[in-house]
Amino acid sequence: MLAAQAGMTRIKLDMHTHTQYSRDSRSGLDAFARRSAEAGLGAVCVTDHDTAAGGLRLAHMDVPFTVIPGEEVTTRDGELVGLFLQRDVPARLSAEETAKRIREQGGLVYVPHPFSRNRLRHLRQAALDRLVEAKLVDAIEIFNAREISAASNAHAAAFAVRHGLPGGVGSDAHRLAEIGRTYIEVAPFTTASELLAVLGEGTVVGRLSGAVVHLRTWADIARKLARQTVWTVRSVMTPPRRP
């Protein structure tokens with residue numbers, strides 16, 4: 001559920017985060033919630049890779065901030081984020097079909113790190129241009145803390161201004177320490193349309209995380225794979241119990 005923000009004039013919003021439901025994060029929901037509260041976030045978008053399950057579960061927990069369930073969807077043309085989702089959006093569809101599936105849920109189509117220099121899965125320029133021309137983009141991520149180059153964010157901000165699109169901000173946190181490192185200060189909101197309205201008056205706060213966080217993410221992926229392999233081997237080798 002959405003937590004009330006009564007009495008607050010501005011809140012901190014982190015629009016791009018990951019939990020243990022992402023293949024490259026080990027942040028459990030309870031720890032994620034504690035860290036978000038400690039960081040003073042008034043709202044957080046949970047955007048796990050190819051699943052909305054983490055955000056949907058957190059939205060039903062007793063937390064002192066607004067939760068926007070989302071998903072960072074792997075499309076055939078690169079990554080797209082859906083916000084205010086009610087269920088998963090399938091991966092491996094075209095960017096256009098993915099955007100339409102997000103909109104069908106009443107969600108927002110949010111383009112993450114569109115001009116990244118250190119990621120292979122960002123939305124390709126041709127697909128981005130097609131989506132904008134078809135009016136299938138609601139907002140652009142203009143500051144992602146995990147960008148290696150500040151120029152990538154500057155390019156995204158200029159693109160958003162040029163096309164009259166609201167700009168969003170996110171830590172892209174894969175570890176607890178990253179949550180709330182970067183955020184946008186906005187007026188309180190409840191609905192998707194209200195979020196788009198307040199983004200236009202938002203203030204970007206934060207800094208780039210640096211290259212080390214990417215190395216730590218790869219280490220977390222390796223640990224996850226190792227644990228899954230051990231569990232699979234044990235399951236195969238454990239003899240069935242006698243009735």
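A crossing of two helices is left-handed if the near helix is turned anticlockwise from the far one by less than a right angle, and right-handed if clockwise. In this predicted model, local features need pLDDT of at least 70 and side-chain atom pairs count only at pLDDT 80 or more, while totals for chains, interfaces and linings use all residues. Residues are numbered from 1 along each chain as its sequence is written, and side-chain values use heavy atoms, with hydrogens and water left out.

Helix α3 (residues 95-104) passes helix α4 (residues 125-133) in a right-handed crossing. Helices (H or I, at least four residues) and strands (E, at least two) are DSSP runs, numbered from the N terminus. The axes of α3 and α4 come within 10 Å and cross at roughly 45 degrees; axes are lines fitted to C-alpha atoms, for helices over the stretch in contact, and angles run from 0 to 180 degrees between N-to-C directions. α3 is therefore oblique to α4, given that angles under 35 degrees count as roughly parallel, over 145 as roughly antiparallel, 65 to 115 as roughly perpendicular and the rest as oblique. Ala-95, Glu-96 and Ala-99 of α3 meet Ala-127, Arg-130 and Leu-131 of α4 in this contact, where contact means heavy atoms within 4.5 Å.

Met-15 belongs to strand β1 (residues 11-17). Because its relative accessibility is 1%, Met-15 counts as buried (under 20% relative accessible area, with exposed over 50% and partly exposed in between; 1.4 Å probe, protein chains only). Beyond its neighbours within four places in sequence, Met-15 is in contact with residues including Cys-45, Tyr-110 and Leu-199.
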